[in-house]
Amino acid sequence: MDPKLLPIRAMVDTGVFIRALGQRPDDPRSPDCRDFLDAMYSNQREVLLAAPSLAETIRGFDPPSVPSTAGIEVVAFDDEAAIALGLHFPNSTLKHLALANDVSLTKSAKKP
Amino acid sequence: MSDKTKEDLSRRSDDLRLEIDGPGVHPETLDPLATLELGAAYLKLLKKIAEEARVDLEFKGLTVQDKCAALQFTPDNPARAEAVAVEAFELLEGGRLTPHVLESVLSGFRSAVNNLPSQQSVTVLVRSRKLPVRPAPVAKPEKRVSSTKLRAVVLQVGGKNPTVRFVSKSEGERPFTVSADKEQARELGALLFELVDAEVQLERNPDGVIAKGRLLKFTPVSAEKNLQAWTDWYKAAASEWDDVEDIEEELGRNDEEESRGVDA
């Protein structure tokens, strides 16, 4: 991936995270997700993972401690985050943006 | 009584009036700019409420009545005007959470009310309703207490009752100080200017700035050169996902889209 096109900081969704770390040879989107995470890491960019995404990823009753490594930061969904999202990105705004850009609110691919 | 008179009376009773009351208030003594701004702000509020409810509401005409002083407007749908005015009243009373899209027009109307001379009061009269516009309550700033996790650089450690000073991108690079116990202070002393993931209990001021806090625990951030630590974690904590064919289906993303009416 061209480092010039990489963002300084990116928050990844659960699906991207799972595809980047997992072994999913039949998933056509996995290589891109892995390449993206590798590129962000090797170019000292920041990857953010929201705590709810971490919750969605974890399967099992006794997971090991989440790594604290430079490059990937689990960010809390606390009251400050909730207020910021509610103020600046109410659902009506997100829907409007999704419609204007012909994308789904939750799927990464463009609608056909 | 002629038909025209009956029609005039009927129309007037369906009109919406914004009444300004107070000592010496008459049409001749009104501040024209403040009054017109008040009327405009109120109509904008009503129209925005109607727009969000996806109903049409139009007003025609403007008369100034010599009843103290009242701005009078004729709605195209009196029943609808009444319903919208009642909703505006409930929002102004603060009994309902204000939708984001209405904050600006609500604030604009409140400002217009505040711009009137202090002894003047405003009442909305619509059909049989009398809806007083009360001055906006002065909100008592409340402290916000929460626990969270922040990635931060250790700037300073010390004090008889130990404190730690951090700086974090999550806080807009504003340094903040939290209390710590002696053991934590000793360990953090060896991590000056290093990154840690700090779990903290915080008190924020009404602007969201950290006022004070307490360090609960912390983990040094390791400067790994690759994703191995996360890959190993995934194998132990989440590898069941490798057997899931449709991740988004499993996460229920498609269900959310259907319920929201977003076309996938």
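The legends below describe close-up views of a predicted model.

Residues are numbered from 1 along each chain as its sequence is written, while chains are lettered from A and ligands numbered from 1 in the order in which they are written. In this predicted model, local features need pLDDT of at least 70, side-chain atom pairs count only at pLDDT 80 or more, and totals for chains, interfaces and linings use all residues, with side-chain values taken from heavy atoms and with hydrogens and water left out.

**View 1. A network of salt bridges links Arg19(A), Arg24(A), Asp27(A), Arg29(A) and Glu248(B).** Side chains of opposite charge can pair when their charged atoms come close. A salt bridge is defined here as a side-chain nitrogen of Lys or Arg within 4 Å of a carboxyl oxygen of Asp or Glu, and the whole structure holds 21 of them over all chains. Asp27(A) is bridged to Arg19(A), with the closest N and O atoms 2.8 Å apart, and to Arg24(A), with an N to O distance of 3.1 Å. Arg19(A) also forms a salt bridge with Glu248(B), where the closest N and O atoms are 3.0 Å apart. Because Arg19(A) lies in helix α1 (residues 14-21) of chain A and Glu248(B) in helix α7 of chain B, this pair joins two chains; helices are DSSP runs of H or I with at least four residues, strands are runs of E with at least two, and both are numbered from the N terminus. Arg19(A) and Glu248(B) are both buried, as are Asp27(A) and Arg24(A), where buried means under 20% relative accessible area, exposed over 50%, and partly exposed in between (1.4 Å probe, protein chains only).

**View 2. The largest nonpolar core has 39 residues.** Such a core is a set of buried Ala, Val, Leu, Ile, Met, Phe, Trp, Tyr and Cys residues joined through side-chain atoms within 4.5 Å. Among the residues with the most contacts inside it are Leu16(B), Leu38(B), Tyr42(B) and Phe109(B). The elements giving two or more residues to this core include β1 (16-21), α2 (32-52) and α4 (100-114) of chain B, and the largest share, nine residues, comes from α2(B).

**View 3. Phe77(A), Leu85(A), Phe89(A), Leu94(A) and Leu97(A) form a nonpolar surface patch.** Together these residues have about 440 Å² of accessible area, a value from the Shrake-Rupley method with a 1.4 Å probe, in which only the protein chains shown count as cover for residues. Patches are made of residues with over 30% relative accessible area and no salt bridge, with like charges joined within 9 Å and nonpolar side chains (Val, Leu, Ile, Met, Phe, Trp, Tyr) within 5 Å. Leu94(A) is found in helix α5 (residues 91-100) of chain A, and it counts as partly exposed because its relative accessibility is 32%.
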